[in-house]
Amino acid sequence: MQNIAKYTKHLRTAVIYAAPFAALIALGAVLNMTNPLESGPLVILVVFMLLYILILSALSAALHLVGAVVRMVRPGRPFSLRRGYYMLTIIALAPVLLVALNTLGQLDALEIVLILILVGLGCFYVVRRTAK
């Protein structure tokens, strides 16, 4: 039973570090094989979803590295990354919204401020919901 838990932990770590590269390759393939003017809204949706997955997985890998460093510096204290992963799901949405608004030609200072307020409110909600 202990071998399965160890295998699962290593597999989870491998997926965390491999996911950004897989998302980058998939995004590059979609962007190279399609023309945005000729393809439909489904392809554009796939591009935005892959962009979100790329940003989220890269931030998750960075957070995992930070967690490993913290655990190495303070080995005796418990440390959980659950709240950080919740926050990353909201923070990763901001660049996607910025790219979407820029694509539409609607990216101004007001929209940037509104996106920052939206992300801030989402992070505040996560912090309040996950408070101990």
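Which element gives the largest share of the lining of the largest pocket? In this predicted model, that share comes from H1, which supplies 4 residues. The largest pocket itself has a volume of about 330 Å³. Helix H1 (2–33), helix H2 (41–73) and helix H3 (82–91) are the elements that each give two or more residues to its lining.

The residues that line the largest pocket are Lys9, Arg12, Thr13, Ile16, His64, Ala68, Arg71, Phe79, Leu81, Arg82 and Tyr85. Sorted by class, this lining comprises 5 nonpolar, 2 polar and 4 charged residues. Lys9, Arg12, Arg71 and Arg82 are the charged members of the list, while Thr13 and His64 are the polar ones.

Two or more lining residues are given by each of H1, H2 and helix H4 (93–104). Here the largest share, 5 residues, comes from H2.

The class composition of the second lining was examined in turn. The second largest pocket is lined by 11 nonpolar and 4 polar residues, with no charged residues. In the largest pocket, by contrast, 4 charged residues are found in the lining.

Definitions and conventions. Residues are numbered from 1 along each chain as its sequence is written. This is a predicted model: local features need pLDDT of at least 70, side-chain atom pairs count only at pLDDT 80 or more; totals for chains, interfaces and linings use all residues. Side-chain values use heavy atoms; hydrogens and water are left out. On a 1 Å grid over the protein atoms alone, a cavity is a set of points where a 1.4 Å probe fits but cannot get out, and a pocket is an open set with protein on both sides within 12 Å along at least five of seven lines; lining residues have an atom within 4 Å of a point. Grid points are joined across faces, edges and corners, and a volume is the space filled by probe spheres set on the points.
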